[in-house]
Amino acid sequence: MGSDEQLDAVEVRLGARLAELRSEHGWSLGELAERSGVSRSTLSRAERAEISPTASLLNRLCAVYGRTMSQLLSEVEAEPVAVVRAADQTVWADEASGFVRRSVSPPHAGLRGELVEGRLGAGADIAYDRPPVPGLEQHIWVLGGTLEVTVQNVEHRLGAGDCLRLRVWGPTRFRCPGPENVRYALLVVLP
């Protein structure tokens, strides 16, 4: 299976899981739209995998459902395993923002920590209006390039080898000023 086919399959499973979560909560599209601040049409198209959800959209839905993005993505995978090979790790791309996210840790709903690889293209700028889980602990370790992370109106400029540890309570922003792309490891720990 090629990487485009792998991404398409993930998006189809993700859309189905989003529809299941809404159904499990007994919410209509209108109710979910009110809770998340995302339009009914966008939610409907994401559930049917007609559009690829953006990182911001997934973040809003994760906040409503009380999950991290990795937890949500792990729910579209098979049974938990101890080792996940690089070729089998879930990769999700937000084409609109130039963000690529790889779930490095083997998915496991019962554990609190997870490791993610993030890649942003030069000029990419992603803003999250809130964390998916208030008080989420993050460790951001830049592996190559430059990453600007804004938390509580304080901007942190990180270069290769730099690591930022924080608890997320409000809006955050991840920006790659360029000229090269940035690659970073993100350790996420549930409170």
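Trainee: Are E117 and R102 buried or exposed?
Mentor: In this predicted model, both E117 and R102 are buried.

Trainee: What do the side chains of E117 and R102 form?
Mentor: They meet in a salt bridge, at 3.2 Å from N to O. The pair links distant parts of the chain, since E117 belongs to strand β3 (residues 113–120) and R102 to strand β2 (residues 99–103), 15 residues apart.

Trainee: How many salt bridges does the structure hold?
Mentor: The structure holds 13. One of them is between R60 and D129, with the closest N and O atoms 3.1 Å apart. R60 lies in helix α4 and D129 in the loop between β4 (125–128) and β5, so this pair ties together parts that are 69 residues apart in sequence.

Trainee: And what is the accessibility of R60 and of D129?
Mentor: R60 has a relative accessibility of 23% and therefore counts as partly exposed. D129 is partly exposed as well, with a relative accessible area of 33%.

Trainee: Which residue does R48 meet in a salt bridge?
Mentor: The side chain of R48 meets that of E50, at 2.8 Å from N to O. R48 is partly exposed at 48% relative accessibility, and E50 is partly exposed at 45%.

Trainee: Let us turn to the helices. At what angle do α2 and α4 pack?
Mentor: Helix α2 (residues 29–36) and helix α4 (residues 55–65) pack at about 100 degrees, and their axes are 9 Å apart. The two helices are therefore roughly perpendicular to each other.

Trainee: Which residues make that contact?
Mentor: From α2 the contact uses L32, R35 and S36, and from α4 it uses R60, L61, V64 and Y65.

Trainee: Now the open sheet. What is the order of its six strands?
Mentor: The order is β1-β2-β3-β10-β5-β8, and the pairing is antiparallel.

Trainee: Which strands stand at the edges?
Mentor: β1 (91–94) and β8 (163–168) do. Each has a single partner strand, so one side of each is left without a neighbour in the sheet. On average, neighbouring strands of this sheet are turned by 20 degrees against each other, with direction ignored.

Trainee: Over how many bridges do β5 and β8 pair?
Mentor: Strand β5 (residues 136–144) pairs with β8 over six bridges, in the antiparallel sense. Q138 stands opposite L166 of β8.

Trainee: How many residues of β6 are buried?
Mentor: Five of its five residues are buried. Both faces of the strand are covered, with L147, V149 and V151 on one side and E148 and T150 on the other.

Trainee: How many bridges join β6 to β7, and how many pair β6 with β9?
Mentor: Five bridges join β6 to β7, and these strands run antiparallel. There, T150 stands opposite E155 of β7. The pairing of β6 with β9 is antiparallel too, over four bridges, and R175 in β9 is the bridge partner of E148.

Trainee: What about the backbone? Which residue takes a positive phi near 50 degrees in the hairpin of β6 and β7?
Mentor: Q152 does, in a hairpin with two residues between the strands. N153 also has a positive phi, of about 65 degrees, although it is not a glycine. N153 is found in the loop between β6 (147–151) and β7 (154–158), and N153 is exposed, with a relative accessible area of 79%.

Trainee: Why would one remark on such values?
Mentor: Most residues other than glycine have a negative phi, and most peptide bonds are trans.

Trainee: Where is A49 found, and what is its phi?
Mentor: A49 is in the loop between α3 (40–47) and α4. Its phi is positive, about 60 degrees, although A49 is not a glycine. At 25% relative accessibility, A49 counts as partly exposed.

Trainee: Finally, is the peptide bond from G178 to P179 cis or trans?
Mentor: That bond is cis, with omega near 5 degrees. P179 has its place in the loop between β9 (172–175) and β10 (182–189).

How values were computed. Residues numbered from 1 in each chain as written. Predicted model: local features only at pLDDT ≥ 70, side-chain atom pairs only at ≥ 80, totals over all residues. Heavy atoms only, no water. Axes fitted to C-alpha atoms, helices over the stretch in contact; angles between N-to-C directions. Parallel < 35°, antiparallel > 145°, perpendicular 65-115°, else oblique. Contact = heavy atoms within 4.5 Å. Pairing = 2+ DSSP bridges. Salt bridge = Lys/Arg side-chain N within 4 Å of Asp/Glu carboxyl O. Buried < 20%, exposed > 50% of the residue type's maximum accessible area, 1.4 Å probe, protein only.
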